[in-house]
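Hi there,

Here is the structure I promised to pass on to you. Have a look at it first, and then read on for my notes on its salt bridges.

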Amino acid sequence: MLLAIDTSAGTAVALVADDGRVLAERSSPDTRRHAELIGPFLAEALAAAEVDGARLTHVVAGIGPGPFTGLRVGIAAARVIALARGIPLLAVPSHEAVALSLIEGGAVAGRFAVVTDARRREVAVTVFAARLPMPVEVEPAHLVARVAFAPAEGVAAHEVAEIPAAALAHAALARLATGAAFPEPRPLYLRAPDVTLSAPKRVS
Amino acid sequence: MLGIETSCDETGVGIVRGTELLANVIASSMDEHARFGGVVPEIAARAHLEALEPTLRAAVETAGVDLRDLDAVAVTSGPGLSGALMVGVGAAKALAVALDKPFYAVNHLVGHVGADILREPGSPDRGALELPTVALLVSGGHTSLLLVRSLTDDVELLGETIDDAAGEAFDKVARLLGLPYPGGPQIDRAAADGDPTAIRFPRGLTLPKDLVAHRYDFSFSGLKTAVARHVERLRDAGDEVPMADVAASFREAVADVLTAKAIAACTDLGVPRLLLGGGVVANARVRTLAAERAEAAGVSLRIPPLSLCTDNGAMIAAIAAQRIMAGHGPSELGVGADSTLPVTVVQA
Ligand SMILES: [Zn+2]
């Protein structure tokens, strides 16, 4: 049984069986209250599926891209659960979850872009090829100014406001099935920390 | 009881059994902030995420316990840097749910006071913390004066800094003297051979008119500006800056105002006990002056071991353990990180 957590947009938690059945899901599009919601969502998802942490076999963490403060909450939670239960942590780029659902739903063909808001008037974009068993990244996640964003000829852009945690678990299962490697469980920051190094200013 | 602390630049995980300290592991991101001359919140938050798991592992190993044997999980929910706090809060909730243990969200400042009740196995008995006590908590993130009547449910804020924290003032003055970060130990070293009376720097909020509204509050931004002005004047005139005297005089101004206000609180309130906490306690001059003045005023002074004065997870676990023993239930899993959590809220 997989527990998937994504806080790259809103907060989303899902429990998914090894065969892909969704056992429980909790989500909110709220882009601010990740630290609040993660606790109840985890507890409620386990309760709804009538299991406790001992039944988990894998934890899946969405690693963004997404606004950092929220993104870190889910990754921290996923890492600690994996440690506490002694089970593997599978990191999945959050856009991949969306890409897989789009392909499986027959909504895309050829190449397409998954787009999410990155704040500061920028969007995060990953370009995929619509191939199965798992989506193939053609262009890794990167930031583009929202006004300047124009997908290449023939590339349909799909902007989403939420990353469903169940889709994240499905993406992890797809990687497991193909034996594909998983990325490091670190946020896809795409942006250096915001600091300005200024010399001490004169006061007189 | 396991406690997680991520309110500033130290990732701390502590494990206690009641008042017995089993593990106190701290990872600091101080070096990463050095070239910026102060804590950069985003860098601190990133470092917490990387350090959390190794710190947790090390604490469990040191304590020789299994995570499944814990009775509860505690975390600092505030005050502190919001993005940094959120890493710890998210992790602590996940740990509590994964292990099916109760969750306690605790106040960081009260944690500093709670550090005093912890005993390291084999260390001499320091005797119980007597209450009520005045507590002076000074670090790079806070400068607060508290009246603590009970560690579990009666803490009052007497005063706090209205601008910079004292530790921040040390960092800023070090920087303008061309000394590296963190400023506290640097200023201490530079001040060693200096004359603390060489320059009379201002003592913030000590004038009679300030004492009306800000009797127990602190202000260090005027002091910092005064040091900057002094140094600029000398440099403009082509004179050499007497580093040792400037450092010693600045340090004296900080130590003077901190200890004077703390002792005044003890005297005014008729509470003959003062506890020091926070990283600035590592400053020898602050400790010495506090000891001198406490003795003169008939106030007994308590200083927890330095390893427990700086931010750590054990003090958070200690407060949560006290809350449980006093019969309080766990926090709601829905509580968030509160960067301005008032000190009256011991447990969120
Ligand atoms: Zn502190």
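Predicted model: local features only at pLDDT ≥ 70, side-chain atom pairs only at ≥ 80, totals over all residues.

A:Glu44 has a partner: its side chain forms a salt bridge with that of A:Arg26, at 3.0 Å from N to O. This pair connects distant parts of the chain, as A:Glu44 sits in helix 1 (residues 34–48) of chain A and A:Arg26 in strand 3 (residues 22–28), 18 residues apart. A:Arg26 is partly exposed too, at 29% relative accessibility.

Next come A:Arg146 and A:Asp117, whose side chains meet in a salt bridge of 3.4 Å, N to O. Here A:Arg146 belongs to the loop between strand 8 (136–145) and strand 9 (156–159), while A:Asp117 is in strand 6 (residues 111–117), 29 residues apart. Both are partly exposed: A:Arg146 at 36% and A:Asp117 at 39%.

A further salt bridge joins A:Asp194 and A:Arg120, with 3.3 Å between the closest N and O atoms. A:Asp194 lies in the segment after helix 4 (165–178) and A:Arg120 in the loop between strand 6 and strand 7 (122–129), so parts 74 residues apart in sequence are tied together. Both residues are exposed.

Finally, A:Arg79, A:Glu184, A:Arg186 and B:Glu50 form one network through salt bridges that share partners. Over all chains, the count is 31 salt bridges.

Enjoy exploring!

Best wishes

Notes
Residues numbered from 1 in each chain as written. Chains lettered and ligands numbered in written order. Heavy atoms only, no water. Salt bridge = Lys/Arg side-chain N within 4 Å of Asp/Glu carboxyl O. Helix = DSSP H or I, 4+ residues; strand = E, 2+ residues; numbered from the N terminus. Buried < 20%, exposed > 50% of the residue type's maximum accessible area, 1.4 Å probe, protein only.
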